[in-house]
Amino acid sequence: MKVKWISLSLSAMLLTGMGAQSVQVAAAVNNEKNTTVTSPKLPASFTDLQGHWAKDVVQTWQQRGVVNGEGEVFDPNRQISRAEWSALINRIFQYEKEARNSFIDVKPEEWFASDIQKGVAAGYVSGFEDGTFRPDAPLSRQEAAVTLSRILHLKENSVVTFTDQEQLPAWSRAYVGAAVDARLIDGYQDGSFGPLNALTRAEAVQLLDRTFGYYGQWYGESGTYGSEQTIEQKKGSVVINSPGVTLQNMEIAGDLIISKQVGDGDVYLKNVKVQGRTLIYGGGENSVHMEDSVLLTVIVNKKTGAVRLVAEGKTTIQEVTIQSASNVVSKLGANINHVTLAKELPEKSRVHLNGSFNSVDIDAKSIFVQVPSGTINNLTTDSTAEGISLELSHEAKILEAVLNAAATVLGEGNVGKVTVNTKGVSFAQAPEKVELGSGVPADTTIKIGQTDMPVTGEKTNPVPSNGSSQNNDSGSSNTDQSGGGSSGGGSSPGGGGDGTNNNGNIPPLFDNGKWFSIALENEAVTVGESVYVYSPRKGTAYLAPASIDTTNRTMLEEAVNTGIAKKVQISPNTRTEISTQGFHTNGYITESKKVVVLDEQNTASFWVILTLLDGSDVDLKLYGLGMSGGSASDQNETFHFSFNRKVQLIPGNDIYDFIQLSIDSETPNFKSLKDNDLVKIEVKDHRILMKATKDLGKSVYFRLLPGAVETVDGTYKNTEYSSVKMSSTIRLYLLEGDTTLKVGTKVKFKVSREADVYFVYKNNVPLTKDQYDKEVSDGHGLHILVPEDGINTIYEFDTKDLQPGDYQMMSLYSGIGYFITLKK
């Protein structure tokens, strides 16, 4: 067939595409029955392009991963279908947002369904009056002109002068006129336009190549681009389609698109100004670095994995919209004005905000937001943003917050003024001031720690946080430990082992090949002293704030970079020193840190809590009574009075004379422990430990009489203290030992006493009962209420309707549970 040449010329008009995203390298555009293939092996050259006028342009887009053939055949002279045209456009301009399918001849399982829905969302395609799209029909010249006019948003013009203009219907006439006026497409030499003539595959690629050449520039190989001395002006948009690309000294008039093909690699922007949008669809944990750059709008939407976005130097960003898991870092000197966590964020997504931000809006629901350090001036949650968890590390603060949906605020960070416009709000630490919004019932309460408090508008009194464990001792910790996970190590900036093995006196360690534990010589040290760590594996030891997720390498490394954590290299079974110099206690509760080791395969150990104590310049303070559960095989829990300094028994005292106990009574009825064996008492470090010899039940009170212990320098003595009501640990007994199970397995268990038992996705932070119940109602978990008379009954969770993943089986408020993995 003789190919009709299309006369194409492009105007100086800026191509402003809609929201763009890159797609997989191997999108099939050669055959309407072909399906998308991941990372195909590209032929060196299509055999049927030898001597063809379109050889060079087709090979260019083949190497860019946009066009594909069948093996070594491209079939350049075959007519291109409407579906194939849509696929080509999406891959070149990287449209990814999909609209709802409304065409009766486009089935969801067809290879082209997604591309057609993207075309509808981008606004360049439409169907026919009978509700069809006709994906297999050849693409006509008038349809191509309509497409280009819509992509360019050209001004419509119905006045055309072709000899066959009567063949142009009303729906295409103005678009064809616009494309002709813009000199995107011309007619034939005989004066006709040929609106119904079909385009070949070669003609389509050539047309789009010229269009993209006008649209902007494509960087598909690693390297540094831009002048070292002068500013380069880019009139159109820029696409970065490869990792390892650095742009420097550029002003981009259009959009900057960082495509999926960047993968988990890095991109650097140095003194780059973007007048359009910066669309980030690729990048990894180290990711996109912006130095001394100016960006108006940044949209982050990576379909798989998290992206780390780092603003440094004098970088200014007006707005960042987060649509996928992200780690946004605003370093000293940089300015990120506004951040929106958009509704498109999938549930259970994690977002890290590190640094200073003027305002943050949270529109997404059921997400987890971590703020390792820095300041958020204003934070607002949308009324639809239900079930969010916000964790503030000690070095983080929010000056003002407006909460329009139920939220949980965790961690040790500071929150200033809070306006509450809903029920279901809880804080681990008391905000400075809480007010009710207009229209909110006057009796609305918020939870601080485990206490429901009225909202008065006055300054709140601090209440220690005790999370989901029964513990009114803020300086203590529950001995349940989070499991290891995939994470990453890093080089140590110094420090490390002292080269000794402590004469072989290595604390007990555990290593089963998958998980491993570590040990500390002392789990409480005075601030400024060193802690000594042992590990069965080589790797990196971190000492970090207790609020940080120890399976998240990015968070740990960022904590080290900001000075709130330390790391050292550690060798197997070697005494390794980590100094606490530079850390501090916060003046209200003892400071808890986590110690964790990440091995050379980036697996995290079980973490251990280290408590930092005050020095001799601070008075002795008692923070309350805590409790540490044992294990399913160890029936005895340990209660403990905890102080802010190391203490010792005053010489001549019998500790049993100074501690009283009340059990089996809702109100305290204290009795001496002198003549019974209910608990064994020991004074150790900063605690008085009381190990129960039996289950003490669900109503337990302790009282410490004055003058029992003193600081090790003999300066201060304890005062009298009576605890709030506590209860012994609720234990679950898994009747079959395996914790890696197939979906559909019935998990059988018993409990030590009445309890709310949940089987839900594993969480690194405790949730509220409402949040656990929502997991169940959403189909993500299971729940059984065990009554008082059901202690000896065997219960079971049927997992047939759950998805594969990591789960935890646990009682609501306290107890020993299990991590369970479900597989297909």
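Arg-141, Gln-142, Glu-143, Ala-144, Ala-145, Val-146, Thr-147, Leu-148, Ser-149, Arg-150, Ile-151 and Leu-152 are the buried residues of helix α4. In this predicted model, that amounts to 12 of the 12 residues of α4, a helix described as mostly covered. The cover for these buried residues comes from α2 (82-93), α5 and α6 (201-215). From its first C-alpha to its last, α4 reaches 17 Å, close to the 16 Å expected for its 12 residues at 1.5 Å a residue. Just past the end of α4 sits His-153, with a positive phi of about 55°.

Two packed helices are described by the angle between their axes and the distance between the axes.

| Helix pair | Angle between axes | Distance between axes |
|---|---|---|
| α4 and α5 | about 65° | 8 Å |
| α2 and α4 | about 30° | 12 Å |

Let's take α5 to start with. This helix covers residues 170-181, and its axis makes an angle of about 65° with that of α4. The two helices are therefore roughly perpendicular to each other, since angles from 65 to 115 degrees count that way. Their crossing is left-handed. On the α4 side, the contact is made by Gln-142, Glu-143, Ala-145, Val-146, Ser-149 and Arg-150. On the α5 side, Trp-171, Ser-172, Tyr-175, Val-176, Ala-178 and Ala-179 take part. Sorted by class, the residues of this contact are seven nonpolar, three polar and two charged.

Now for α2. With an angle of about 30° between the two axes, α2 is roughly parallel to α4, because angles under 35 degrees fall in that class. The crossing of α2 past α4 is right-handed. From α2, the residues that meet α4 are Arg-82, Trp-85, Ile-89 and Phe-93. They face Glu-143, Ala-144, Thr-147 and Ile-151 of α4. This contact divides into five nonpolar, one polar and two charged residues.

An α-helix has 3.6 residues a turn, so residues three or four places apart point the same way.

Seven of the 10 residues of α3 are buried, so α3 is largely enclosed by the rest of the structure. The buried residues are Ala-113, Asp-115, Ile-116, Gln-117, Lys-118, Gly-119 and Ala-122. After α3 comes Gly-123, which has a positive phi near 90°.

Arg-134 belongs to the loop between α3 and α4. Its phi is near 60°, a positive value in a residue other than glycine. Is Arg-134 buried or partly exposed? Its relative accessibility is 37%, so Arg-134 counts as partly exposed.

## Further along the chain

Ser-366 also has a positive phi, near 55°, and is a residue other than glycine. You will find Ser-366 in the loop between β15 (357-362) and β16 (368-381). With a relative accessibility of 15%, Ser-366 counts as buried, because the cut-off for that class is under 20%.

Another loop to look at holds Gly-313, between β10 (307-312) and β11 (316-322). Gly-313 is partly exposed, with a relative accessible area of 32%. Leaving aside residues up to four places away in sequence, Gly-313 touches Asp-292, Leu-332, Gly-333 and Ala-334. Gly-313 and Asn-335 are 22 residues apart in sequence, and their C-alpha atoms are 9.3 Å apart in space.

Asn-335 turns up again among the contacts of Ser-330. Ser-330 lies in strand β12 (residues 326-330) and counts as buried at 7% relative accessibility. With residues up to four places away in sequence left out, Ser-330 touches Ala-311, Asn-335, Ile-336, Asn-354, Gly-355, Ser-356 and Phe-357.

## The chain as a whole

Stepping back, the protein chain has eight helices and 50 strands. Of its 824 residues, 53% are buried. Among contacts between residues at least 6 apart in sequence, 55% join residues at least 24 apart.

Notes:
Residues numbered from 1 in each chain as written. Predicted model: local features only at pLDDT ≥ 70, side-chain atom pairs only at ≥ 80, totals over all residues. Heavy atoms only, no water. Axes fitted to C-alpha atoms, helices over the stretch in contact; angles between N-to-C directions. Helix = DSSP H or I, 4+ residues; strand = E, 2+ residues; numbered from the N terminus. Parallel < 35°, antiparallel > 145°, perpendicular 65-115°, else oblique. Left-handed = near helix turned anticlockwise from the far one by under 90°. Contact = heavy atoms within 4.5 Å. Nonpolar A, V, L, I, M, F, W, Y, C, P; charged D, E, K, R; others polar. Expected span 1.5 Å × (residues − 1). Buried < 20%, exposed > 50% of the residue type's maximum accessible area, 1.4 Å probe, protein only.
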